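Work through the exercises below with the sequence and the 3D structure at hand. Try each task before reading its solution.

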Amino acid sequence: MAQVELTMPKMGESVAEATIIKWLKNEGERIELEESVLEIATDKVDSEVPSPVEGVLVKKLFGENDLVQVGQAIALIETSAAGDATPVAASEAAKEINVQIETAQSIASNGAMPSSESMDIQRESNGRFYSPLVRNIAKEEGIAQAELDALQGSGAEGRVTKSDLLAYLAQGRPSAKGLGAAQISNASSAQVSSASSAPQPSISGTAPVRTAAQPMSVSASEGDEIIEMDRMRKLISDHMVMSKSVSPHVTSFVEVDVTNLVRWRDAIKDSFQKREGEKITFTPIFIEALARAIQDFPMINIQVDGTRIIKKRDINIGMAAALPSGNLIVPVIRNADRLNLLGLTKAVNDLANRARQNKLKPEEIQGGTYTLTNVGTFGNVLGTPIINQPQVAIMAAGAIVKKPAVIETPEGDVIAIRHKMFLSHSYDHRVVDGALGGSFVRRVADYLEAFDPRRAL
């Protein structure tokens, strides 16, 4: 018999610790290979930790709501394998975290959200510890430190758990009504933005001017169904509003003749699937054209830090992928310019499949420098995508449709049926002017139109 240490996995370069939210297995219970053992949370992501081995959970080294450092042992699993009594650290299998994409780390890692900037919940207050998950939810919901301190917790030593906080929100935040405004203001004066407490400007004789921070209240009528946003949808909502407020968006459009490309794919798709065991889609071809165009126009591959422009060395292209929940996530193909078309196809299929299974690693949804979204998947011919901050541009590929088109030939102009699509390029007009933004999308179109129909793969 041998014992294996289950360790706290690494969940990104900036994450050094995580909080145990719930144990899914009890001591003495049998565990299958890669079966989830516990749920953990950081400021950026909620995850399940799988077992790297088959065996029996013999000891939990930490309890629920405990904060554990990355790499630290959190449980002992006894296996039937013979060997030394020396415990071994969990291997690469432990790093295959089944990320539950309810918190969209790609959003959190790309920049702070406006709803979180006005609050700073302390890790410890009034002698009580607050887990990263609780602090994150409190910040998102605009709960001040004094209001959080007033809650009764059901966790160890009176700690406030995720369930306590969600139940409190469902009750309409009664403590907020009990606390005086002055109490909250005094306890949180360094946390709450002065703008949030300032009176709203009004025009004489009219209703107060509504700002972006005050969304219009909507009442439900009889028979209406009220659906609460899940946590990921709230994060996406904040991120999209933030992007539109930070970047003045401009969108350029180009129509592309992709007839050669469509004919090539039709000719090789069956043999490719038979040879490789997977399909070839248009997405890797679009990404290849994007990477080539970025090499031609490197000032598209930038980010803005105040008044500084950071020109990124690597070309890391994110691709929007739909999740079973209906939400979207953006896994990233790193160094896309260094991969050939076969390598891009493998990378695209792998990331898309694991996104649908909620098995992406946190680092696989970080570090993108440009994003592609394929609105043609839903039968849309055009889209005006919102920039994924801190990037400065994003492209949408529309549906490929057959159209009559005028073709120039040596014998004169003729009308023929061609496969065409639109590319929509949204860019940040602070740093990307129309000449650059328009030239870039035109260059992508040129590469697609020049695709060699005799190309080998």
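The structure is a predicted model, in which local features need pLDDT of at least 70, side-chain atom pairs count only at pLDDT 80 or more, and totals for chains, interfaces and linings use all residues. Residues are numbered from 1 along each chain as its sequence is written, and side-chain values use heavy atoms, with hydrogens and water left out.

**Exercise 1. The whole chain**

Task: State how many helices and strands the protein chain has, and what share of its residues is buried.

Solution: 
- Step 1. Helices (H or I, at least four residues) and strands (E, at least two) are DSSP runs, numbered from the N terminus.
- Step 2. The protein chain has 13 helices and 23 strands.
- Step 3. Buried means under 20% relative accessible area, exposed over 50%, and partly exposed in between (1.4 Å probe, protein chains only).
- Step 4. Of the 457 residues in the protein chain, 44% are buried.
- Step 5. Contact means heavy atoms within 4.5 Å. Of the contacts between residues at least 6 apart in sequence, 66% join residues at least 24 apart.

**Exercise 2. Strand S8**

Task: Describe how strand S8 is covered and how strands S1 and S6 are joined to S8.

Solution: 
- Step 1. S8 spans residues 73–79, and six of its seven residues are buried.
- Step 2. Two strands pair if DSSP finds at least two bridges between them.
- Step 3. S1 (residues 2–7) runs antiparallel to S8 and is joined to it by six bridges. Leu6 stands opposite Ala75 in S8.
- Step 4. S6 (residues 55–60) is also antiparallel to S8, with four bridges. Here Lys59 stands opposite Leu76.

**Exercise 3. Ile333**

Task: Decide whether Ile333 is buried or exposed, and list its contacts beyond four places in sequence.

Solution: 
- Step 1. Ile333 lies in strand S19 (residues 332–333).
- Step 2. Its relative accessibility is 2%, so Ile333 counts as buried.
- Step 3. Neighbours within four places in sequence are set aside; Ile333 then contacts Ile287, Ile315, Asn316, Ile317, Met319, Leu339, Leu344, Ala347, Val348 and Leu351.
- Step 4. Gln366 is 33 residues from Ile333 along the chain, and their C-alpha atoms are 9.9 Å apart.

**Exercise 4. Helices H11 and H13**

Task: Classify the crossing of H11 and H13 by angle and by hand.

Solution: 
- Step 1. Axes are lines fitted to C-alpha atoms, for helices over the stretch in contact, and angles run from 0 to 180 degrees between N-to-C directions.
- Step 2. Angles under 35 degrees count as roughly parallel, over 145 as roughly antiparallel, 65 to 115 as roughly perpendicular and the rest as oblique.
- Step 3. The axes of H11 (residues 283–296) and H13 (residues 434–449) come within 9 Å and cross at roughly 130°. Therefore H11 is oblique to H13.
- Step 4. A crossing is left-handed if the near helix is turned anticlockwise from the far one by less than a right angle, and right-handed if clockwise. The crossing of H11 and H13 is right-handed.
- Step 5. Residues making the contact include Phe286 and Leu290 of H11 and Phe440 and Tyr447 of H13.

**Exercise 5. Helices H10 and H12**

Task: Classify the packing of H10 and H12 by angle.

Solution: 
- Step 1. H10 (residues 259–276) packs against H12 at an angle of about 70°, with the axes 14 Å apart.
- Step 2. H10 and H12 are therefore roughly perpendicular to each other.
- Step 3. H10 passes H12 in a right-handed crossing.
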